[in-house]
Amino acid sequence: KKLWNRDMTKCERRISPAFGRLVVFSTHDFSYHGHADPLDCPPHRSRRSIAIYYYSPEERPAEQIDPEHKPEHSTIYKT
C-alpha cells in the first residue's frame, strides 16, 4: 500500500502487506492511497482485504474538501 501526497507526485509512505497488519488512516478528498502497480499473485493466491469506514457527524475541515467534486461522490478514483 502506498500513501501519496496531495497532488499525487510523491509517495509519502509505503506499507508492506504483512500477514495480520492493520493500516488505519483518515480518509478524505485528498487521502490518496492504493497500489501503483497491478497486483501480481500466483494463480492459487489472491488478495484479501477488509475496508471498514467510521462516519462522524462532525463537519470536515475545509482543507479536506475538494471543491471540484460534487458532495454526492462517496469515493474519488484517480489513475
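## Getting started

Helices (H or I, at least four residues) and strands (E, at least two) are DSSP runs, numbered from the N terminus. With that in hand, the protein chain reads β-β-β along its sequence. The tally is 0 helices and 3 strands.

A couple of ground rules come next. This is a predicted model, where local features need pLDDT of at least 70 and side-chain atom pairs count only at pLDDT 80 or more, while totals for chains, interfaces and linings use all residues. Residues are numbered from 1 along each chain as its sequence is written, and side-chain values use heavy atoms, with hydrogens and water left out.

The score to know here is pLDDT, the predictor's confidence in each residue, from 0 to 100. The protein chain averages 78, and 86% of the residues score at least 70.

## The chain as a whole

Buried means under 20% relative accessible area, exposed means over 50%, and partly exposed is in between (1.4 Å probe, protein chains only). Of the 79 residues in the protein chain, 14% count as buried. The accessible surface (Shrake-Rupley method, 1.4 Å probe; for residues, only the protein chains shown count as cover) comes to about 7700 Å² for the protein chain, and 52% of that belongs to carbon and sulfur atoms.

Then there are contacts, meaning heavy atoms within 4.5 Å. Take the contacts in the protein chain with a separation of 6 or more: residues 24 or more positions apart account for 58% of them.

## The sheet

Strands of a sheet pair through backbone hydrogen bonds, either parallel or antiparallel. For this report, two strands pair if DSSP finds at least two bridges between them. Here, 3 strands make an open sheet in the order E2-E1-E3, with antiparallel pairing. Strand E2 (11–14) and strand E3 (33–34) are the edge strands, so each pairs on one side only.

Strand E1 covers residues 2–4, and its antiparallel pairing with E2 runs over 3 bridges. Which residues in E2 partner Lys2 and Trp4? Lys2 has Arg14 as its bridge partner, and Trp4 has Cys11.

## The loop between E1 and E2

The hairpin of E1 and E2 has 6 residues between the strands. One of the residues in this loop is Met8, whose phi is near 55°, a positive value in a residue other than glycine. Met8 is partly exposed, with a relative accessible area of 30%.

Asn5 is also found in the loop between E1 and E2. Is Asn5 buried or exposed? With a relative accessible area of 16%, Asn5 is buried. A polar atom of its side chain lies 2.8 Å from the backbone nitrogen of Thr9. Leaving aside neighbours within four places in sequence, Asn5 touches Lys10, Glu12 and Tyr32.

Arg6 belongs to the loop between E1 and E2 too, and at 47% relative accessibility it counts as partly exposed. Again leaving aside neighbours within four places in sequence, Arg6 is in contact with Phe30, Tyr32 and Glu63. The side chain of Arg6 reaches the backbone oxygen of Glu63 at 3.1 Å. Arg6 and Tyr32 are 26 residues apart along the chain, and their C-alpha atoms are separated by 7.2 Å.

## Cysteines, and a stop after E3

A disulfide is a covalent bond between the sulfur atoms of two cysteines. The rule used here asks for a pair of cysteine sulfur atoms within 2.5 Å, and by that rule the count is 0 disulfides. Cys11 counts as buried, at 18% relative accessibility, whereas Cys41 is partly exposed at 33%.

Finally, Ala51 lies in the segment after E3. Ala51 is exposed, with a relative accessible area of 55%. In sequence, Ala51 and Val24 are 27 residues apart; in space, they are 10.0 Å apart, C-alpha to C-alpha.

Key: A polar contact is a pair of N or O atoms within 3.5 Å; within protein, one must be able to donate a hydrogen and the other to accept it, and residues adjacent in sequence count only if both atoms are side-chain atoms.
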